[in-house]
Amino acid sequence: MKDAHGVVIVFNADIPSHRKETEMWYSCFVQQQSLQDTQCMLIAHHKPGSGDDKGSLSLSPPLNKLKLVHSNLEDDPEEIRMEFIKYLKSIINSMSESRDREEMSIMT
């Protein structure tokens, strides 16, 4: 966890207890490590044939402001791939900006 720049939490959206566990993982990996919410991505995985109703997924207040992507690799694997690439790009940009700020503070 030390020096992590981002966190991806994947959970089975069809099992309510997994949503509760997601809060614990968020607390441990994001809040305790002082990461920004933009550095976290939630992936709600739905098993094929589970009738993944994306609109009915309710998350608790600390989680409901995070980037949430629904995945079902049988129906639309390309969507999750594109969302993950966008997430990685945002993490790389954040790291680059942080490094630039650090370099500027050393020079001044």
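## Salt bridges

A salt bridge here is a side-chain nitrogen of Lys or Arg within 4 Å of a carboxyl oxygen of Asp or Glu. By this rule the count comes to six in this structure, which is a predicted model. As background, side chains of opposite charge can pair when their charged atoms come close.

Let's begin with Asp 37 and Lys 65, whose side chains meet in a salt bridge at 3.8 Å, N to O. This pair links distant parts of the chain: Asp 37 sits in the loop between α1 and β2, Lys 65 in the loop between β2 and β3, and the two are 28 residues apart. Asp 37 is partly exposed, with a relative accessible area of 23%, whereas Lys 65 counts as exposed at 54%.

Glu 83 and Lys 67 form another salt bridge, with their closest N and O atoms 3.0 Å apart. Here too distant parts of the chain are linked, since Glu 83 belongs to helix α2 and Lys 67 to strand β3, 16 residues apart. Glu 83 counts as buried at 15% relative accessibility, because buried means under 20%.

Glu 78 forms a salt bridge with Arg 81, the closest N and O atoms being 2.8 Å apart. Why are Glu 78 and Arg 81 separated by about one helical turn? Because they are three residues apart in helix α2. Both are partly exposed: Glu 78 has a relative accessible area of 39%, and Arg 81 has one of 44%.

## Overall layout

Stepping back to the fold, the protein chain has two helices and three strands, and from the N terminus on they run β-α-β-β-α. The C-alpha atoms fill a box of roughly 60 × 30 × 20 Å, taken along the principal axes. Of the 108 residues, 27% are buried. Among contacts between residues at least 6 apart in sequence, 74% join residues at least 24 apart.

The accessible surface comes to about 7200 Å², and 55% of that belongs to carbon and sulfur atoms. On the charge side, there are 12 positive and 17 negative side chains, and the centres of the two sets lie 3 Å apart.

## Surface patches

Which residues make the nonpolar surface patch of about 410 Å²? They are Val 8, Val 10, Phe 84, Leu 88 and Ile 92. Strand β1 (7–12) and helix α2 each supply at least two residues of this patch, with the largest share, three residues, coming from α2. Val 8 is placed in strand β1 and is partly exposed, with a relative accessible area of 34%.

There is also a negative surface patch, formed by Glu 97, Asp 100, Glu 102 and Glu 103. Glu 97 lies in helix α2 and is partly exposed at 48% relative accessible area.

Arg 101 also lies in helix α2, which covers residues 77–107. Arg 101 is exposed, with a relative accessible area of 55%. For a sense of scale, Arg 101 and Lys 67 are 34 residues apart in sequence and 25 Å apart in space, C-alpha to C-alpha.

## A buried serine

Is Ser 71 buried or exposed? It is buried, with a relative accessible area of 5%. Ser 71 lies in strand β3, residues 67–71. Leaving aside neighbours within four places in sequence, Ser 71 is in contact with Ile 43, Ala 44, His 45, His 46 and Ile 80.

## Backbone points to check

Most residues other than glycine have a negative phi. Two residues here deserve a look against that background. Asp 3 has a positive phi of about 65° although it is not a glycine. Asp 3 is placed in the segment before β1 and is exposed, with a relative accessible area of 61%.

Ser 34 is another non-glycine residue with a positive phi, near 60°. Ser 34 lies in the loop between α1 (16–31) and β2 (40–45), and at 60% relative accessibility it counts as exposed.

Definitions and conventions: Residues numbered from 1 in each chain as written. Predicted model: local features only at pLDDT ≥ 70, side-chain atom pairs only at ≥ 80, totals over all residues. Heavy atoms only, no water. Helix = DSSP H or I, 4+ residues; strand = E, 2+ residues; numbered from the N terminus. Buried < 20%, exposed > 50% of the residue type's maximum accessible area, 1.4 Å probe, protein only. Contact = heavy atoms within 4.5 Å. Areas by Shrake-Rupley, 256 points an atom, 1.4 Å probe, with all protein chains shown as cover. Lys, Arg positive; Asp, Glu negative; His and termini not counted. Charge placed at Lys NZ, Arg CZ, Asp CG, Glu CD. Patch = residues over 30% accessible without salt bridge, like charges linked within 9 Å, V, L, I, M, F, W, Y side chains within 5 Å.
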